[in-house]
Amino acid sequence: MHRWLDEDTVLLLGNALTRDELDFVGQMPGLFIHDVSTGSTRRLSDPETVALAGVPPQVHGRTVIAAVDADGATRIVRIGLDAAEIAFDELEFLTDDTTVVNGFDLDGDTLVFTGSTPQSPAVLGRITLGERVESLAASATGVSAIVKEHPAPANSVLPQVLRVPGVSGTITGWLAKPVGDGPFPVILNIHGGPFAQYTHSWFDETQVLTSAGYAVVFSNPRGSGGRTRSWGTAVQGDMAAPAMSDVLVVLDHVLDTDPSLDRDRLGIQGGSYGGYLTAMTIAADHRFRAAIVERGYLDPDSFVGTSDIGRFFTEEYTSRSREAIERQSPLAHAPQVGTPTLVMHSELDLRCPLEQAQQYYAALQRAGVDTEMLIFPGENHELSRAGQPRHRRQRFEAILDWWDRRLSGGDRTQSEDERHPPEAADPEAASAPDSAS
């Protein structure tokens, strides 16, 4: 992304791959000013603490208005064009620390933005720009105001924010609980990436589970985005252990401090890298009654040359060492798994190809694990976010059915007539999920 400031100067949003062209792990996208007449480039934002979000920056006077990923949020900031590697704690923030901004535009001194909050999946906000704002609460200029919000479903809950001490620093996490007194079965949910993050935003995954009676624990362990580059690179060469330690520390914290949680009914689930970490966790920790491994990175070896992300992902995260790859491979650790596991995947997933799930499912079967497999035809890696609406609904139904059977003793499975009514027997029916167990 770029914007010309004049005929010789351009504002850039990008990464500086300082080691070599594969130096992508934990990279903090930054703002740069490049002078084409001299060939010089100056970085405005600090490469260790400031990560620009993928929202095009805009110029306002002698400042840049941009969005940065913070710990659990995406915030609009104002940075002077004369800045040089300005650190996170020196930024001027124009939005609060829980709103997740996904776009903005300027009209003179008025800035409008879209995003989400803990209470709403979609909001529209307005900011009146003025001089530098030292305290948003004390000044009429620069104040961020939500002018319109889409109401969340009536049974939505507000997750509790957690700050839990960890080996390498405080871990940000959340606990979302159903309405009532409990005891609630608990599901540990793990995000993908790994250089991504859970946020304070209203999240359908969490709300579906809590509305069905499950408490949900989720966090941003080492390897996640939203913090510093060193936090993001902490899993390079050891993709599982640091992050596993952090997510389990957060889980243990809530189990030890909240008596409404049932520590005897625990589940664990995750997608993509979250599927990877779920698979690695159930090979090492056998307290979970069941697991869901979705669209997982499950065999680093065969991932090289088959994923659309390129071979550099495995080589940079797990290295090229055969021994190191095996230590970090869920497929190699499948014989240590005893947890009943649902393996979910999409047929046309090019990021984590279907063979990743097929190999892992077969390995669990060989190990005698109680396992099922669910494949969504015609879908890709984005099923949970951008799949066909009926497949997204069927995915949630399958997840709830699995947890009901494994954690609650119930069964949400519809009858054969409900799932396949006579009038629905048309070519569309061919796109219903295929399953094997």
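Let's start with the buried side of helix H11. Its buried residues are His391, Arg395, Phe396, Ala398, Ile399, Leu400, Asp401, Trp402, Trp403, Asp404 and Leu407. Keep in mind that this is a predicted model. The helix covers residues 389-408, 20 residues in total. At 1.5 Å a residue it should span 28 Å, and its end C-alpha atoms are 27 Å apart, so the two agree. After H11 comes Gly409, with a positive phi near 75 degrees.

On to salt bridges in general. The structure holds 26.

Asp71 pairs with Arg163, closest N and O atoms 3.7 Å apart. This one links distant parts of the chain, 92 residues apart: Asp71 sits in the loop between strands E6 and E7, Arg163 in strand E13. Arg163 is partly exposed, at 48% relative accessible area.

Next, Arg287 and Asp252, with 2.7 Å between the closest N and O atoms. Arg287 is in the loop between helix H4 and strand E18, and Asp252 is in helix H3, so the pair ties together parts 35 residues apart in sequence. Both ends are partly exposed: Arg287 at 30%, Asp252 at 27%.

Then Arg263 and Asp256, 3.4 Å from N to O. Arg263 is partly exposed at 42%, whereas Asp256 counts as exposed at 57%.

Last item, the surface. Which residues make the nonpolar patch of about 210 Å²? Val112, Leu124 and Val147. Leu124 is in strand E11, residues 122-128, and is partly exposed, with a relative accessible area of 35%.

Key:
Residues are numbered from 1 along each chain as its sequence is written. This is a predicted model: local features need pLDDT of at least 70, side-chain atom pairs count only at pLDDT 80 or more; totals for chains, interfaces and linings use all residues. Side-chain values use heavy atoms; hydrogens and water are left out. Patches are made of residues with over 30% relative accessible area and no salt bridge: like charges are joined within 9 Å, nonpolar side chains (Val, Leu, Ile, Met, Phe, Trp, Tyr) within 5 Å. Accessible areas come from the Shrake-Rupley method with a 1.4 Å probe; for residues, only the protein chains shown count as cover. A salt bridge is a side-chain nitrogen of Lys or Arg within 4 Å of a carboxyl oxygen of Asp or Glu. Helices (H or I, at least four residues) and strands (E, at least two) are DSSP runs, numbered from the N terminus. Buried means under 20% relative accessible area, exposed over 50%, partly exposed in between (1.4 Å probe, protein chains only). The expected span of a helix is 1.5 Å times one less than its number of residues.
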